[in-house]
Amino acid sequence: MSDYVLIMGTQPLVSLGITLVLGGGCAWMTGRALAQSWRPDWQIAVYCLLLGVADRFLVFALYQGDLLSPTGYLADVLLFMLIAVAAFRLVRARRMVRQYPWLYVRHGLMGWRERPR
């Protein structure tokens, strides 16, 4: 077995397909949904932990990957959190500037600042 399989619990192409494409898309939609519904950012961690469980199960059920791979689970959750936080910040910045144009202006891709007076 290669080092990648020992660490992640699955083959690289499976990780690319299931984790990055499918799970990453779900993480992106999670971040967007949380930002659009004005939920607090700490909820990203809760939902990404659950996405990690679902990802491990899909890898196990479809490709005979390791279900209880702690390093694979941690790596998946961290990737999901990065993607979800990026989506959250992009959408939240857009919403703040669009909803409160008299208060805020866009400051970079993922931020906003108070409008100069």
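Me: Among contacts between residues at least 6 apart in sequence, what percentage join residues at least 24 apart?
Reply: This is a predicted model, in which local features need pLDDT of at least 70 and side-chain atom pairs count only at pLDDT 80 or more, while totals for chains, interfaces and linings use all residues. Residues are numbered from 1 along each chain as its sequence is written, and side-chain values use heavy atoms, with hydrogens and water left out. A contact means heavy atoms within 4.5 Å. Counting contacts between residues at least 6 apart in sequence, those that join residues at least 24 apart come to 59%.

Me: What pattern does the protein follow when read along the sequence?
Reply: Helices (H or I, at least four residues) and strands (E, at least two) are DSSP runs, numbered from the N terminus. The protein has 4 helices and 2 strands. Read along the sequence, they follow the pattern α-α-α-α-β-β.

Me: What radius of gyration does the protein have?
Reply: The radius of gyration is taken over C-alpha atoms, and the globule rule is 2.2 Å times the number of residues to the power 0.38. Along the principal axes, the C-alpha atoms fill a box of roughly 60 × 20 × 20 Å. A compact globule of 117 residues would come out near 13 Å, but this protein has 17 Å.

Me: What percentage of the 117 residues is buried?
Reply: Let's settle the words. Buried means under 20% relative accessible area, exposed over 50%, and partly exposed in between (1.4 Å probe, protein chains only). Of the 117 residues in the protein, the buried share is 34%.

Me: Which side chain meets Arg-56 in a salt bridge?
Reply: A salt bridge is a side-chain nitrogen of Lys or Arg within 4 Å of a carboxyl oxygen of Asp or Glu, and the structure holds 1 salt bridge. The pair links distant parts of the chain, 20 residues apart, with Arg-56 in helix 3 (residues 43–63) and its partner in helix 4. At 3.2 Å, N to O, the partner of Arg-56 is Asp-76.

Me: Why does Asp-76 count as buried?
Reply: Asp-76 sits in helix 4 (residues 70–99). Leaving out residues up to four places away in sequence, Asp-76 touches Met-8, Thr-19, Asp-55 and Arg-56. Asp-76 counts as buried because its relative accessible area is 2%.

Me: Is Arg-56 buried or exposed?
Reply: Not counting residues up to four places away in sequence, the residues that Arg-56 touches include Met-8, Asp-66, Tyr-73 and Asp-76. Its relative accessible area is 3%, so Arg-56 is buried.

Me: How many Å separate Val-5 and Asp-66 in space, C-alpha to C-alpha?
Reply: Val-5 lies in helix 1 (residues 3–8) and counts as buried, at 10% relative accessibility. Leaving aside neighbours within four places in sequence, Val-5 is in contact with Thr-10 and Gln-11. Val-5 and Asp-66 are 61 residues apart in sequence, but in space their C-alpha atoms are separated by 9.0 Å.

Me: What is the phi of Trp-38?
Reply: Most residues other than glycine have a negative phi. Trp-38, in the loop between helix 2 and helix 3, is partly exposed, with a relative accessible area of 34%. Trp-38 is not a glycine, yet its phi is positive, at about 60 degrees.

Me: And where does Gln-64 lie?
Reply: Gln-64 also has a positive phi, near 55 degrees. Its relative accessible area of 66% makes Gln-64 exposed. Gln-64 lies in the loop between helix 3 and helix 4.
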